[in-house]
Amino acid sequence: MKLSMDKIKIQMARAKLTITELAQRYGVSRNRMNVILNQREVTPVCAGRIADALGVDVTEILLDE
């Protein structure tokens, strides 16, 4: 699954979350969250966890193909 950084940033802005707060909700360090987000290609479980941390449906953070 490919993540859309633009969509993730929009959702972070809507939720008023920093990368540190997103990482805390996800359960990892800020540095690890940056690594995950920079991968673009993630597992379905990872995408689901990010979506849960943002409080959105997973389809709202995936890259449109």
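User: Before we start, what counts here, and how are residues numbered?
Analyst: It's a predicted model, so local features need pLDDT of at least 70, side-chain atom pairs count only at pLDDT 80 or more, and totals for chains, interfaces and linings use all residues. Residues are numbered from 1 along each chain as its sequence is written, and side-chain values use heavy atoms, with hydrogens and water left out.

User: Ok, at what angle do α2 and α3 cross?
Analyst: Roughly 90 degrees, with the axes of α2 (residues 19–26) and α3 (residues 30–39) coming within 8 Å. Therefore α2 is roughly perpendicular to α3 (65 to 115 degrees). Axes are lines fitted to C-alpha atoms over the stretch in contact, with angles from 0 to 180 degrees between N-to-C directions.

User: Which residues make that contact?
Analyst: From α2, Ile-19, Thr-20, Leu-22, Ala-23 and Tyr-26; from α3, Arg-30, Met-33, Asn-34, Ile-36 and Leu-37. Contact means heavy atoms within 4.5 Å.

User: Switching to Gln-11: buried or exposed?
Analyst: Gln-11 counts as buried because its relative accessibility is 7%; the cut-off for buried is under 20% relative accessible area, with a 1.4 Å probe and protein chains only.

User: Where does Gln-11 sit, and what does Gln-11 contact?
Analyst: Gln-11 is in helix α1, residues 5–15 (helices are DSSP runs of H or I, at least four residues, numbered from the N terminus). Beyond neighbours within four places in sequence, Gln-11 contacts Leu-54, Val-56, Glu-60 and Ile-61.

Key
Helices (H or I, at least four residues) and strands (E, at least two) are DSSP runs, numbered from the N terminus. Buried means under 20% relative accessible area, exposed over 50%, partly exposed in between (1.4 Å probe, protein chains only). Angles under 35 degrees count as roughly parallel, over 145 as roughly antiparallel, 65 to 115 as roughly perpendicular and the rest as oblique.
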